[in-house]
Amino acid sequence: MSKTSHAQDDTHPPEALPTEGRLLLRAAYVYDFVQPIVTLGSEARMNRWIASQLDLGPGARALDVGCGTGLLTLAIAERFPECQVEGIDASGPMIRVARRKRARANCAFQLALAEELPYPDGHFD
């Protein structure tokens, strides 16, 4: 894991980090409205189920990689209020929506790459 800085180029908008994955830049502001329709409401149930499968003790730290607008990140944070949950995404617009709608004392969001996590080894449980 490294803290490499990326220079912007013509192929990546300034609000995105260069990644091997796909980015949703324009969809960020309608994602929360469209996603329940597209998934027939199953995403919220799936997020709650995923959170229920975790075994996090008080003070644990969890990372949601590719968090988008933070729906799963918040589901984990709500299920484990004594834990710190962080979400990262390479899309600036997604992170802005996540911060505006879902940031809590135990739930934070950061623009970062899955390929280059900005955390030291062993930071998360």
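1. Strand E1 and strand E2 (residues 84–89) run parallel and are joined by five bridges. Helices (H or I, at least four residues) and strands (E, at least two) are DSSP runs, numbered from the N terminus, and two strands pair if DSSP finds at least two bridges between them. The model is a predicted one, in which local features need pLDDT of at least 70 and side-chain atom pairs count only at pLDDT 80 or more, while totals for chains, interfaces and linings use all residues. Residues are numbered from 1 along each chain as its sequence is written, and side-chain values use heavy atoms, with hydrogens and water left out.

2. The three strands form an open sheet in the order E1-E2-E3, with parallel pairing. Strand E1 (61–65) and strand E3 (107–111) are the edges; each has a single partner strand, so one side of each is left without a neighbour in the sheet. Neighbouring strands are turned against each other by 20° on average, direction ignored; axes are lines fitted to C-alpha atoms, for helices over the stretch in contact, and angles run from 0 to 180 degrees between N-to-C directions.

3. In E2, five of the six residues are buried, and the strand is mostly covered. Buried means under 20% relative accessible area, exposed over 50%, and partly exposed in between (1.4 Å probe, protein chains only).

4. Helix H3 (residues 71–79) lies across E1, E2 and E3 and runs at about 175° to E2. Helix H4 (residues 92–102) lies across E2 and E3, at about 165° to E3. Contact means heavy atoms within 4.5 Å.

5. Helix H2 (residues 42–53) has twelve residues and reaches 16 Å from its first C-alpha to its last, close to the 16 Å expected at 1.5 Å a residue; the expected span is 1.5 Å times one less than the number of residues. Glu43, Asn47 and Ala51 are buried in H2. Seen down the axis of H2, its buried residues fall within an arc of 75°, so they line one face of the helix; the arc is that of the directions from the helix axis to the C-beta atoms. The cover over the buried residues of H2 includes helix H1 (28–38) and H3.
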